[in-house]
Structures are given as structure tokens and as C-alpha cells.
Amino acid sequence: MTDNSTATGRNGQAGGNESALQGRTGAGAPAETRGRTTIADSVVAKIAGMAAREVPGIHKLGGGMARALGAVRERVPGTGGGVTQGVKVEVGERQTAVDLDVVVEYGVSIVDIAADVRTNVITAVERMTGLQVVEVNIAVDDVHLPDEEEESDDQEGRVR
């Protein structure tokens, strides 16, 4: 009983999409191993999304439809900016897998960006959750061109 054991949150617990880490119990056990820590899928998705956005050359996360829905969601008060937009995760007992949809800046090496994103996501998720990241799949959905203007809320119409 010296190892930390892991149990999934999918077996009869509310929430269903979470990972639970459980350690030794008892008076002689170290404090960090007493009890159970549950990590929801949404937590892993937020960590992965933030880590991917930190990489220079990533313009946005999300495919075309996800970005369109995200733009609508951003306009609704209280819904936030959608950190998990373009991020899907599967969380198991001890491992997790991450799928990312990204838009890269024009002129950057997609191969280098993908490697940097994988490294950053794996490091952040493993450091913060203790889960082993088995794969980070990256789908490059678009390239942001320098002359493309972002849609803004204050666009003027043709007629005044």
C-alpha cells in the first residue's frame, strides 16, 4: 500500500466525466495520500486550452463552427470567453488524451508549432493533474493571414 492508487469517477459517482486519484489512508500515511482527489474533464480541457494558447504562432483554437458558436457565446453576458473552445479531452483512471483544433498564424512552421503545443500541453496537464497524457492530437483548421481583420462588435454597416 505504498503506491498511490487511482480510481475513476465514472463508477456510480455523480458527474461521470472525471478522474479520481486515491492514496493510502490511515494515521501513518503522509497527508498528501490521505483521501481522494477528483479531476473533472472540464478542468483538463481548460488546462490544455490555456497551454495551447500560450504557444507563439497559435492564433485561435476551434474549427470554423466552434469559432462561430464561440463568437456568439462571447457576446452573451456571463458566459466567458470559452477557454475550452476547440479542445476535447478523454480522462481515464490514470491517463488522458487531448484533441485540439487550432488556427495558426501565416508564415510559421506548422510542424514546429504542433511540437511546441504538444510539449506545452503535456507539461501543463501532467504537472497540474498528475495524469499521464498519452496523446495530443492537433488538427490545423485554418491559417490566419496578416491582412485578415478580426470581426469586431463595432463594424459599421453600409447604410447610416
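Where in the chain is confidence lowest, and where is it highest?

**View 1. Confidence along the predicted chain.** Confidence is lowest in strand β1 (residues 5-8), at a mean of 44, and highest in α3, at 98; pLDDT is the predictor's confidence in each residue, from 0 to 100. Over residues 1-14 pLDDT stays under 50, and the model has 36 contacts beyond four places in sequence for this stretch; contact means heavy atoms within 4.5 Å. The average pLDDT of the chain is 79, with 65% of the residues scoring at least 70. This is a predicted model, in which local features need pLDDT of at least 70 and side-chain atom pairs count only at pLDDT 80 or more, while totals for chains, interfaces and linings use all residues. Residues are numbered from 1 along each chain as its sequence is written, and side-chain values use heavy atoms, with hydrogens and water left out.

**View 2. Secondary structure of the chain.** Three helices and seven strands are present, in the order β-β-β-α-β-α-β-β-α-β along the sequence. Helices (H or I, at least four residues) and strands (E, at least two) are DSSP runs, numbered from the N terminus.

**View 3. The largest nonpolar core.** This core has 25 residues, of which Ile 58, Val 87, Val 98, Leu 100, Val 117 and Val 121 touch the most other members. A nonpolar core is a set of buried Ala, Val, Leu, Ile, Met, Phe, Trp, Tyr and Cys residues joined through side-chain atoms within 4.5 Å; buried means under 20% relative accessible area, exposed over 50%, and partly exposed in between (1.4 Å probe, protein chains only). Two or more core residues come from each of α1 (41-53), β4 (58-61), β5 (87-91), β6 (95-105), α3 (110-129) and β7 (132-144). Helix α1 gives the largest share, six residues. Beyond its neighbours within four places in sequence, Val 87 contacts Ala 45, Ala 48, Gly 49, Leu 61, Val 98, Asp 99 and Leu 100.

**View 4. Asp 41 in helix α1.** Asp 41 lies in α1 and is buried, at a relative accessible area of 15%. Its C-alpha atom is separated by 8.9 Å from that of Lys 88, 47 residues apart along the chain.

View 5. The buried residues of α3 are Ile 113, Ala 114, Val 117, Val 121, Ala 124, Val 125 and Thr 129. They lie on the same side of α3, because they cover an arc of only 110° around the axis, the arc being that of the directions from the helix axis to the C-beta atoms. Exposed Val 111, Thr 119 and Arg 127 sit on the face turned away from this buried side. Just after α3, Gly 130 has a positive phi of about 80°.
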